[in-house]
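Hi,

Here is the structure I promised to pass on. Have a look at it first, and then read my notes below.

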Amino acid sequence: MNHAVAVAAAMVAAGIALGGGAIGAAVGDGLVGSAWIQGVSRQPELEGRLRTNMFLIVGLVEAMYFINLALGFVFIYAIGTPVT
């Protein structure tokens, strides 16, 4: 296979993976925010505890996206580096 074609395919695959990861992170953040609003509206006295948990979960969801980003760059580098 031509090296340029392999690099182009790796970049397209990484773009698709990053797009899917971004959509997943956005949906996860939306679900967490919705659950937080519902929890605070049901029990306003727990707002502080719920906010702490919300930020923890949002941080973990966003961390998964950045891990996806880093792995995309690793795969592009691994495929883009010619074997000598």
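What radius of gyration does the chain have, next to that of a compact globule of 84 residues? The chain has 19 Å, while such a globule would have one near 12 Å. (The radius is taken over C-alpha atoms, and the globule rule is 2.2 Å times the number of residues to the power 0.38.) Along the principal axes, the C-alpha atoms fill a box of roughly 65 × 20 × 10 Å.

Before you go on, some ground rules. This is a predicted model, where local features need pLDDT of at least 70 and side-chain atom pairs count only at pLDDT 80 or more, while totals for chains, interfaces and linings use all residues. Residues are numbered from 1 along each chain as its sequence is written, and side-chain values use heavy atoms, with hydrogens and water left out.

Now the layout. You'll find 2 helices and 0 strands in the chain. (Both are DSSP runs numbered from the N terminus: H or I with at least four residues for helices, E with at least two for strands.) Helix 1 covers residues 3-42, and helix 2 covers residues 47-80. Their axes come within 9 Å and cross at roughly 175°. (Axes are lines fitted to C-alpha atoms, for helices over the stretch in contact, with angles from 0 to 180 degrees between N-to-C directions.) Helix 1 and helix 2 are therefore roughly antiparallel, the word for angles over 145 degrees. Their contact involves 21 nonpolar, 6 polar and 4 charged residues. (Ala, Val, Leu, Ile, Met, Phe, Trp, Tyr, Cys and Pro are nonpolar; Asp, Glu, Lys and Arg are charged; the others, Gly among them, are polar.)

G15 sits in helix 1. G15 and L69 are 54 residues apart in sequence, with their C-alpha atoms 9.4 Å apart in space. G15 is partly exposed, at 41% relative accessible area. (Buried is under 20%, exposed is over 50%, and partly exposed is in between, using a 1.4 Å probe and protein chains only.) Of the 84 residues, 15% are buried.

There is 1 salt bridge (a side-chain nitrogen of Lys or Arg within 4 Å of a carboxyl oxygen of Asp or Glu) in the count. E47 forms it with R51, their closest N and O atoms being 2.6 Å apart. These two residues are 4 apart in helix 2, about one turn. E47 is partly exposed at 30%, and so is R51 at 35%.

Enjoy exploring!

Technical notes:
Angles under 35 degrees count as roughly parallel, over 145 as roughly antiparallel, 65 to 115 as roughly perpendicular and the rest as oblique.
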